[in-house]
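I want to go through the cavity search, then the strands and how they pair.

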Amino acid sequence: MSLLNQERAALDGFRSARPLVTRSDALEEAAANRADTDRPVEELVWTTFLLRTVLEAGRTVRAVPPSVLELKRDGSPVTALERDIELEIKEALEVFEPEAVFVGEESGGWLHDAGWTLSIDPIDGTWAFLSHTETFSVVMNLFLEGQPFMGVVASPLTGEIGYAAAGGGTRLVRLDVLGEGDQGFALPLGDRDSKKTLVNLHPAERGSRLVSAFYEAWERRDVRMVRAPGGSPSWAMLEAARGHFTYVNEWAKSAADPWDLAAGVLLVNGAGGVVVDLDGQPIDPVGHIGPFVASVSEQQCSRVLSIVREALSP
């Protein structure tokens, strides 16, 4: 439950209100705090920036009462706060890595094939945010040469941050709320081989077939629990990375954008799990369309996939 040196340094910098780091600051900090990790320096440098930035964004979210600015064409809400956070992070990125491309869910942009791209969703699960539900999150996706490099998912309400880099493990940082002290964990926390299949089913329009199928499976005791809190898919994938729930999402409206799924996929993969389509193949973190299942347990993933396939078969 101990924090890594770099995690502790990021929290200390945030709480002491030191300005957001420059790249040279991050390099210096990485060199000073890499005694407890063998991760590459470039990963540590970006970890410092991403942790500090997501902490700042989380504090902004907690400080501003939620309110709807307008509804987008797809009926989803957007708030002025989201646009403000995107601008703040874009300005911080310009100082940290001027050549990096910024892409925001509200401000737009596109994923580049060369160099660094930082894509964010300042409030993923805006309806959950507006209803004061803890299932929304701040999501940051870092790409190198068009491929996922790091992902960060943070809940401003619970004070938890999950992050992972491609090819590395997944970490969960839990901020001190009740005097217990800050804590850090390597995921998963649950028993990967547990036979208790708990399902987190993402709500969807015209999703009655899946809802019925999973509640029937619950009645048959093929699964032990079914719930559908909704909110941020990335937060739900961090929950899957913890090792207890298997997450199911129909994702049928449109192809995933750079700010949608990449961070969550890295978190699940880093915890030793998979995010797969109906054929059991790993999904494309950018561009995926159609149902997917995320789990750290191969056995539970297979069991849930069979239920989804049967429910959605013509």
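**Cavity.** I started with the lining of the largest cavity, sorted by class: six nonpolar residues, no polar ones and one charged. Bear in mind that this is a predicted model. Which residues line the largest cavity? I wrote down Glu 7, Ala 10, Leu 11, Leu 51, Leu 55, Ile 161 and Val 173. Two elements, helix H1 (5–15) and helix H3 (41–63), each give two or more residues to that lining. H1 gives the most, with three residues.

Then I checked the volume, which comes out at about 30 Å³ for the largest cavity. How many cavities of 30 Å³ or more does a search of the whole structure find? I got one.

**The seven-stranded sheet.** Next I traced the strand order. I read E3-E4-E5-E6-E7-E8-E9, an open sheet of seven strands with mixed pairing. Strand E3 (101–104) and strand E9 (183–187) are the edge strands, each pairing on one side only. From one strand to the next I noted a twist that averages 15 degrees.

I picked one pair to look at in detail. Strand E5 (residues 137–144) pairs with strand E6 (residues 147–155) in the antiparallel sense, over seven bridges. What is the bridge partner of Leu 144 in E6? I found Gln 147 there.

**Around E14.** Last entry: strand E14 (residues 292–295). Are its residues Phe 292, Val 293, Ala 294 and Ser 295 buried or exposed? I have all of them as buried. Phe 292 and Ala 294 point one way from the strand, while Val 293 and Ser 295 point the other way.

I then looked for the pairing partners of E14. Strand E12 (residues 245–249) runs antiparallel to E14 and is joined to it by three bridges. Tyr 247 has Ala 294 as its bridge partner in E14. Strand E13 (residues 274–276) is also joined to E14 by three bridges, again antiparallel. Here I noted Val 276 standing opposite Val 293 of E14.

How values were computed. Residues are numbered from 1 along each chain as its sequence is written. This is a predicted model: local features need pLDDT of at least 70, side-chain atom pairs count only at pLDDT 80 or more; totals for chains, interfaces and linings use all residues. Side-chain values use heavy atoms; hydrogens and water are left out. Two strands pair if DSSP finds at least two bridges between them. Helices (H or I, at least four residues) and strands (E, at least two) are DSSP runs, numbered from the N terminus. Axes are lines fitted to C-alpha atoms, for helices over the stretch in contact, and angles run from 0 to 180 degrees between N-to-C directions. Buried means under 20% relative accessible area, exposed over 50%, partly exposed in between (1.4 Å probe, protein chains only). On a 1 Å grid over the protein atoms alone, a cavity is a set of points where a 1.4 Å probe fits but cannot get out, and a pocket is an open set with protein on both sides within 12 Å along at least five of seven lines; lining residues have an atom within 4 Å of a point. Grid points are joined across faces, edges and corners, and a volume is the space filled by probe spheres set on the points. Ala, Val, Leu, Ile, Met, Phe, Trp, Tyr, Cys and Pro count as nonpolar, Asp, Glu, Lys and Arg as charged, and the others, Gly among them, as polar.
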